[in-house]
Amino acid sequence: MGRRPTKFDDLTAAVRFARALYEDLSFRYVSAWKHDHPGGKALGYLPIYIPREILHAAGMLPVGLFGGGDRVQVIRGDAFFQSYICHLPRTVIELALGKQFRAFDGFIFPSICDVIRNLSGVFRLTFKDKYILYLDFPQNFDPSVGAVFYRHELERLANDLERLGGTRITTRKLNRAISLYNENRHLLFSLTGLRADFPHKLSAVDFYLILRAGYALPVEDHNAFLSNVLSLLEAVDAEAEDKIRVVVTGAFCEQPPLGLIKTIENAGCYIVDDDFQLGLKWIQSDISDDTEDPVGALVNAYLRQSTFSSAVYENGHPKGEQLARLVKQRRADGVLFCVPSFCDPSLLDQPQLERALDQNHIKHFSFQYHENLGQFHVIKEQAGTFSDMIKLWE
Amino acid sequence: MGVQKENSMIKQKQMLAEHFMALSQVRETGKKVVYTFVPGNLTELIRAFDMLPVYPEINALQSGMRQRSRAYIREAEEMGYSEDVCSYVKCDIGMMLQGNIGPTGRQLPPPDLLLLSYTGCFVFMKWFENLKHLYPEAEIAMLHVPYQEAGRIDPAAVRYIENQLRTEVIPKLEKVSGNTFDRDKLAAAMDLSAQAEDLLLKVFDSARHKPSPIDAYFGGVYYVGPIFTAFRGTPECVEYYTELVREVDLRIKSRMGPITPDGELSPERYRLVIEGPPNWTHFRNFWKIFYDLGAVFVASSYTRVGGVYDDGFRHSAEDPLGSMAEYCLGCYTNLSLPQRVDLLENFITRYQADGFLVNSIKSCNSFSAGQLVMMRELEDRLEIPVGFIETDLVDPRYYSYSNIKNRLDSFFQMLEQRKSMNHRQVQPV
Ligand code: SF4
Ligand code: SF4
């Protein structure tokens, strides 16, 4: 595959490019990036969010890792994780043992659940020559408490990266990185807004792939790619179909197979918002990019500008209310809980989220999946019935 | 047949009865109630405010032992909780929905404060978020304990916890109890905690003897009862452990094995170390599989879930908040996987175990994720037989006697072969 996105003249070619990135489980683009950046380091990170700005300022390539989905056969992974643990860690380990991660110099494990946390330990025991970091995020949002701790975590990360990459992370470089990621979020929010308003102009799968490219490409390239896609979308002229509008939630970590996303849409549901790749939009507004203390800016952004998630303590802001607000903001007709099997954070949130939706008279239904699910007819039927019911009620 | 009662057991029973009695009388006494968790608990602090702690996990395990958990879990599942999540949470929520009748048959009072101080498991956070919605009147205080990711306690993490104690936990305890924080009272409790911790470690360490006078897993769950829950930092707790040490010493002198529900375990044939919590719904049946074969557990990771004292950690009167922070950080499931493996390796060598067994709990990712890798690592390092079984904590649907027995049969065959090999090696031909 090409190393960088060229300017595409049509949407199909752009999506083809994004799909090739998605399908490249040997991460050849990472090797290509390293070839183009002699001495440059690439770090893989697990869901959901890390402050990629720091990696960028260290001259590194951050790459989001979501396991192998339905594109990798699990052979050794099952010997690492029991059947009642979600699917993602077994394909992560399968890829790691299969040497598909050979271009990576290290891995970052954000603190979101016990599985990712223990997976960091599995990596420490199994891949002793790689840099491994478990990044703890504060669940206390008091600026004099949680902020102090998180700053320490980020400084630890920055020190490690300086050592690993041999590059100093300067204020200027960090501000520059913040500004690039601000731009990235602007573009992502524009695209998300556009798609929410005109979901018929871009299929859910294509939208997913375009966003997902953001986990693979350097931010400069993803920005160029998104601008390109946005201008191509202006020219798209498509008829809206008679579909309901849904928000999909629960799938922020282990990703559903593309077939599942397509099934939801084909069953009569336009996905007008989702948490499939929540990390890209974790920070909801601009971070100061001209400060003397860019680490402080990243800390504040995490504490004050981040979105809600099952992996974060609700801290007096019930998540159900936040979800209901999102539904209203997107003018959605209902919510689909699309939850990976055995995912504690998602599954344990679901009853209270459902209660909040009921109180707000928002319709919902739920199903579970795993990343290598191959059969979708039951989900298609359920989503279809849900869509029909909503149309009937309206 | 019941477990043969020793004085320490009778004492523990009395302590529990009094505690639950006090809980049932809060309406009259006006005492405030704090729901909190075992790992990383702040019992001394709660008691310093004259409040009474309730541990939902303990209620859940008691419900499992009393065969109530099936109905409670069903109730929670009907409410929308998935079959796939931690059964403790469902058991607790189901119990609450069915009237909140505690282990002694009396109704438990609702919480005045949900003290979300926990360590080593994200489910705790979700658990209390759910309880907050079920008890909207309760105040909630959160204490986030970072993970020991780099295999050691980071001073910044200690400061973070101390900070949270000062700015979040203590003010909420003051607000709910109406009492002001009394550092001296807390420090006095810390002294008592340290005494009990010394004594508990003495009990655990008695497993160096052959035969081992204790079973550090099935018996161990009784031994850790007072110190892991409502009594750490009290004089009764020290009295309990003093009595327990006396009993264990007596057994050492008489070269006796541990006491099981069917009497003394004798002769000791296999010495094992086990990783993972026990199953509670079939506790006796599960234990019997082992003691019938003369297998004794000389150490277990589960009995470190409410605190690891083997590395020398003790609560300290000199630095109450700092030592509470270190305590929270040091609980077993807050250790990184390499640390857990090292601790287990130490147990196996120190207590001269013949084999290592994993009891993998379906609903507990905090323990289960990574266990297979830990097991292989120990097998590589020590070349000892390893075994693997699967059960659940309180969901009886996941206890299959025949599956467990089949797996254990092969494990014990391996142990037997290893024993006869070792035996042959020392016999002159
Ligand atoms: S799918 Fe859920 S349980 Fe599994 S690693 Fe992701 S967040 Fe954790
Ligand atoms: S997942 Fe495990 S450690 Fe966490 S609450 Fe449940 S039983 Fe306890």
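**Entry 1: the model**

I am working from a predicted model.

**Entry 2: ligand 1**

I looked up which residues surround ligand 1. From the stretch of chain A up to residue 116 I listed Cys86(A), Ile112(A), Cys113(A), Val115(A) and Ile116(A). I sorted the shell by residue class and got eight nonpolar, no polar and one charged.

**Entry 3: the interface of chain A and chain B**

I turned to the contact between the chains. Chain A puts in 52 residues and chain B 53 residues. Interface size is often quoted as the accessible area lost when the parts come together. For this pair I noted about 4600 Å² buried between chain A and chain B. Carbon and sulfur atoms account for 58% of that area.

Next I went through the polar side of the contact. I noted 28 residue pairs in polar contact between chain A and chain B, with both residues at pLDDT 80 or more. How many salt bridges cross the interface? The rule finds four. I looked at one of them, Arg156(A) with Glu149(B). Their closest N and O atoms are 2.9 Å apart.

I then asked which elements of chain A supply the side that touches chain B. Helix 5 (114–126), strand 4 (131–135), helix 6 (146–165) and helix 13 (344–359) each supply at least two residues. Helix 5 of chain A has the largest share, with 10 residues. By class, I recorded this side of chain A as 25 nonpolar, 15 polar and 12 charged.

**Entry 4: backbone features**

I checked the backbone for exceptions. Most peptide bonds are trans, and most residues other than glycine have a negative phi.

I logged a cis bond from Lys210(B) to Pro211(B), with omega near 0 degrees. Pro211(B) sits in the loop between helix 9 (183–205) and helix 10 (220–223) of chain B. Another cis bond joins Ser266(B) and Pro267(B), with omega about -5 degrees. I placed Pro267(B) in the loop between strand 6 (263–264) and strand 7 (270–275) of chain B.

In chain A I noted His361(A). It is not a glycine, yet its phi is positive, about 55 degrees. I found His361(A) in the loop between helix 13 and strand 8 (363–369) of chain A.

Terms used
Residues numbered from 1 in each chain as written. Chains lettered and ligands numbered in written order. Predicted model: local features only at pLDDT ≥ 70, side-chain atom pairs only at ≥ 80, totals over all residues. Heavy atoms only, no water. Near = heavy atom within 4 Å. Nonpolar A, V, L, I, M, F, W, Y, C, P; charged D, E, K, R; others polar. Contact = heavy atoms within 4.5 Å. Buried area = accessible area lost by both parts, 1.4 Å probe. Salt bridge = Lys/Arg side-chain N within 4 Å of Asp/Glu carboxyl O. Polar contact = N/O pair within 3.5 Å; in protein donor to acceptor, adjacent residues only side chain to side chain. Helix = DSSP H or I, 4+ residues; strand = E, 2+ residues; numbered from the N terminus.
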